[in-house]
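Open the structure in your viewer and keep the selection tool at hand. The stops below go from the whole chain to single residues.

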Amino acid sequence: SEHSRHWMFNGEFTIDGVTRKETLFDFVRDTHKANPRNSVIAFKDNSSAIRGLGPVQAVLPIKPGGPSGVAPSTVDLDLLLTAETHNFPCAV
């Protein structure tokens, strides 16, 4: 794969001269293991989603994906976090 996370996130990880058996990706995943309750999607296709606001009133299309009117709706608004890794991670 050309994704840099393979060599950066899963490479050898050294802290203060001591090589760790855990990778950087292991450390990132450990935060989710420690507190999964706020996660809606974890580590899926370079993205994660965390719980945001909700329920809130929003004006949304009646039929998304095509022409339609809009109407008030009660929805949860979660936050999508993504890091592009094709060239180099833009967020860690």
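Accessible areas here come from the Shrake-Rupley method with a 1.4 Å probe, and for residues only the protein chains shown count as cover. This is a predicted model, in which local features need pLDDT of at least 70, side-chain atom pairs count only at pLDDT 80 or more, and totals for chains, interfaces and linings use all residues. Residues are numbered from 1 along each chain as its sequence is written, and side-chain values use heavy atoms, with hydrogens and water left out.

Start with the whole protein and show its surface. The accessible surface is about 7100 Å², and carbon and sulfur atoms hold 57% of it. Of the 92 residues, 16% are buried (under 20% relative accessible area; exposed is over 50%, and partly exposed lies in between, with a 1.4 Å probe and protein chains only).

Switch to a cartoon. Helices (H or I, at least four residues) and strands (E, at least two) are DSSP runs, numbered from the N terminus. Among contacts (heavy atoms within 4.5 Å) with a separation of 6 or more, 35% join residues 24 or more positions apart.

Next, select aspartate 16, in the loop between β1 (13–15) and β2 (18–20). Its phi is positive, about 50°, although the residue is not a glycine. Aspartate 16 is exposed, with a relative accessible area of 78%.

Last, select glycine 54 and proline 55, which are joined by a cis peptide bond with omega about -10°. Proline 55 lies in strand β4 (residues 47–61). Most residues other than glycine have a negative phi, and most peptide bonds are trans.
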